[in-house]
Amino acid sequence: MAKIITAKPESVNEQESVTFIEDRLKEAENLPLEQQWAVNIAYLTGKQWVAYDKSSRKIVEKPKETWEERVTVNRIRPIIRTELAKITKSKPQFNVIAATNEEDDIDSAKVGTQALDFIWRSSNMDEKRFKSALWQITTGT
């Protein structure tokens with residue numbers, strides 16, 4: 001008569017498996033947001049006939065019927081542009097305040113303000129602020 005031997009899996013492998021599954025579940029929690037972001041970006045670029053494919057995690061074009069004629073009117077882009085203009089209308093202003101009323105402190109404050117302006121321009125912060133605002137409007141975050 002044969003004896004059945006049951007081997008107990010090592011606890012390290014069990015712990016690794018549990019950790020792996022928990023990590024995958026945490027990744028899946030943000031998936032609906034990322035799906036919506038991808039669809040929003042596609043709509044903004046004029047691709048209204050798309051959907052998010054969950055299996056491939058990509059944006060795919062919806063199948064078109066043989067008789068169907070698709071007309072695309074991008075009503076989202078003007079709304080996004082209006083909101084973007086409102087958000088980026090005024091540039092942030094930086095001022096360095098003098099510690100005292102002495103001429104040296106006032107001159108130092110003027111130099112500090114000029115330095116901040118130079119850093120803003122050389123870092124191309126206007127474009128970065130524009131891109132950030134566009135991302136915020138498009139994704140809602």
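Accessible areas here come from the Shrake-Rupley method with a 1.4 Å probe, and for residues only the protein chains shown count as cover. On that basis the accessible surface of the chain comes to about 11900 Å², and carbon and sulfur atoms hold 56% of that.

This is a predicted model, where local features need pLDDT of at least 70, side-chain atom pairs count only at pLDDT 80 or more, and totals for chains, interfaces and linings use all residues. Residues are numbered from 1 along each chain as its sequence is written, and side-chain values use heavy atoms, with hydrogens and water left out.

First, the layout. The chain has five helices and two strands, in the order α-α-β-β-α-α-α. These are DSSP runs numbered from the N terminus: helices are H or I with at least four residues, strands E with at least two. Of the 141 residues, 14% count as buried; buried means under 20% relative accessible area, exposed over 50%, and partly exposed in between, with a 1.4 Å probe and protein chains only. A contact means heavy atoms within 4.5 Å. Among contacts between residues at least 6 apart in sequence, 47% join residues at least 24 apart.

Now the aromatics. How many aromatic pairs does a search of the whole structure find? Two. Rings of Phe, Tyr and Trp (its six-membered ring) pair if their centres lie within 6.5 Å; planes under 30 degrees apart count as stacked, over 60 as edge-to-face and the rest as tilted.

Tryptophan 37 and tryptophan 135 are edge-to-face, at 5.8 Å centre to centre with 70° between the planes. Tryptophan 37 sits in helix α2 (residues 31–44) and tryptophan 135 in helix α5 (residues 125–139), so this pair ties together parts 98 residues apart in sequence. Both are partly exposed: tryptophan 37 at 22%, tryptophan 135 at 41%.

The other pair is phenylalanine 94 with tryptophan 120: the ring centres are 5.5 Å apart and the planes at 50°, so this one is tilted. It links phenylalanine 94, in the loop between α3 and α4, to tryptophan 120 in helix α4, 26 residues apart. Is tryptophan 120 buried or exposed? Buried, at 11% relative accessibility, whereas phenylalanine 94 is partly exposed at 34%.

Glutamine 48 lies in the loop between α2 and β1 (50–53). Its relative accessibility is 15%, so glutamine 48 counts as buried. Leaving aside residues up to four places away in sequence, glutamine 48 touches Tyr43, Thr72, Asn74 and Ile76.
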